[in-house]
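Dear colleague,

Please find the structure below, handed over for your work. I would be grateful if you could look through it together with the notes that come after it.

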Amino acid sequence: MSNTVLSVENIHTFYGQIEALKGISVRVDEGEIVTLIGANGAGKSTTLNTISGLLTPKKGTIKLFGETISGLPVHKVTAKGVVQVPEGRRIFPRMTVEENLEMGAFLRNKEPAAVKESVTRVFDLFPRLKERRTQKGGTLSGGEQQMLAMGRGIMASPKLLMLDEPSMGLAPVVVEIIFDTIVKLNQEGITILLVEQNAAMALQVANRGYVLEVGTLALEGPGKELLHNEQVRKTYLGEV
Amino acid sequence: MSLSYLLEQTLNGITLGGLYALVALGYTLVYGILLMINFAHSELFMLGGYVGLGVLKVLSDPAVAKATGWGFLEPIQSFFMSGNFGFVMLLVATFGISAIVVGILGMFIERFAYRPLRHAPRLAPLISAIGVSIFLQNAVLLWIDSKQLPYTRVDGSAFVTAKTAFTIGSVNVSTMQVFIVVTSLVLLALLDTFVSKTRIGRAMRATSQDREAAGLMGVDINRVIALAFFIGPALGAIAGVFNGMYYGSVKFNMGFIPGIKSFTAAVIGGIGNLRGAMLGGFLLGIVESLASGFLSNAYRDVVAFVVLILVLIFRPGGLLGEAVAEKV
């Protein structure tokens, strides 16, 4: 039995009066890739934002290695090792690639040598970023920005890396690179929680998956199983 | 219209520009992070002048020691009034205390007047800022004085006597002018280095570019905002003390016009951009001085705002406004 990294227990999150999450429970074990799939508005991003502390759940608890982290402000959740690569990249457009990566390691100011190693590691994973290290983030292409956003996440040396729609709006070739990297990072020991609209790709790489439907859990199970589930195939993989 | 007259006006303009630049930084820092115009900033500039005057009187006016009957002030005053070292320490204490007091007040204002409205519609904090501005002006008017106070000791002697530092041709450059320009340039350079080279400075830039993403990096946003609300008002306060020393008096409503001018300078340079605020400040100061010297003093504001309009027509983002195309 492996260690449970994250356990989300029956969380309810509201936007004003609207209940966006109506009791979601998710578990991520050490070394896993877990994916949340579902249609637009199902609550996938809301779940990630609630875990990272951008949103606060009204009910329910979130635990990291058994310690409650729900209710903490976002920077404290990051300090605990939960690192979110947000939807739409959200890189710092007027900072260079290098500065963006340094921002990723903002809380690791006491270990400059290890931070340097992380930079090398990111540049090994994404040689394109190395070529463009002095370029401003805003001048990069969409794919490069996604690489930068992921690189920035890796720089934080996460215990749990949460990726929100990493393939959104990217060319198929780039999507391929991004997913290869996700698998590679996981093989290097990083636990990953992945939110994707590209359900087919996500379920192929994931150990386990959760299917969300308007704020509730519809299904859960091993990735391969969900991939062959008739309901999932019909609804999310576009098969008739 | 001799060359030396031109030079003299330019020097006046650079001095004025240094003051504008210091105040403009406060507007631009806050705008960069919160996308909000801190309309109370001009009042913090004004308060800086008052706090500076208070410190100067307590530390170097024998009449104050007598009037209050505080015997312990006498040895302190004799230290600050003896020799060059004492004088330099007096200036350091005056500017330092004024900057710190007003800086803390700035943080206080953010905490209680703006932070509760952070998620409110954008107009709400703006109105709150105007409220703070009116409150501060009236507080000074009621509790200190409605009249203008001379920036001197009770006996009328100036704390800092303006001497001629050096002459270029036939133009005298006063020590006060040198002092203002050098200090403002040093402070601008320090701030620029802080923001581009240090870890906290980088966190400030990150916060101004994407607040939520900066939070995800582990930056405590509230601390960054509080810091911006310390640095900006502290620089404004220093400008306020200079303003008092240079023009010789303070008044409760003295912040209004320099505040508007400095805000204009920040917009001319590209609001949100620190170097832009510096450039805009000096540019506006020089243009204004030349206009008042060569056209008429009555035209100085007209010319200043014409420059603003021209910049907004031809470079709406300001002179150094961000030109980076952001891909979505």
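The notes below cover confidence, the fold of chain B and the contact between the chains.

Please bear in mind that this is a predicted model. For the complex, the predictor reports an ipTM of 0.94 and a pTM of 0.91. The mean pLDDT of chain B is 92, and 98% of its residues score at least 70. Among the elements of chain B, helix α10 (residues 221–247) has the highest mean pLDDT, at 97, while strand β2 (residues 164–168) has the lowest, at 86. Over residues 324–328 of chain B, pLDDT stays under 50, and the model has 13 contacts beyond four places in sequence for this stretch. Where pLDDT is low, the predicted coordinates should not be read in detail.

Chain B contains 13 helices and four strands. Its radius of gyration is 20 Å, close to the 20 Å given by the globule rule for 328 residues, so chain B is as compact as a globular protein of that length. Along the principal axes, the C-alpha atoms of chain B fill a box of roughly 65 × 50 × 35 Å. Of the 328 residues in chain B, 46% count as buried. Among contacts in chain B with a separation of 6 or more, 74% are between residues 24 or more positions apart.

As to the contact between the chains, 26 residues come from chain A and 20 residues from chain B. On the side of chain A that touches chain B, α2 (74–79), α3 (97–104) and α6 (142–155) of chain A each supply at least two residues. That side of chain A comprises 10 nonpolar, 11 polar and five charged residues.

With kind regards

Conventions. Residues numbered from 1 in each chain as written. Chains lettered and ligands numbered in written order. Predicted model: local features only at pLDDT ≥ 70, side-chain atom pairs only at ≥ 80, totals over all residues. Contact = placed C-beta atoms within 7 Å. Nonpolar A, V, L, I, M, F, W, Y, C, P; charged D, E, K, R; others polar. pLDDT = per-residue confidence, 0-100. Rg over C-alpha atoms; globule rule 2.2 N^0.38 Å. Buried ≥ 20, exposed ≤ 12 C-beta atoms within 10 Å, placed from the backbone.
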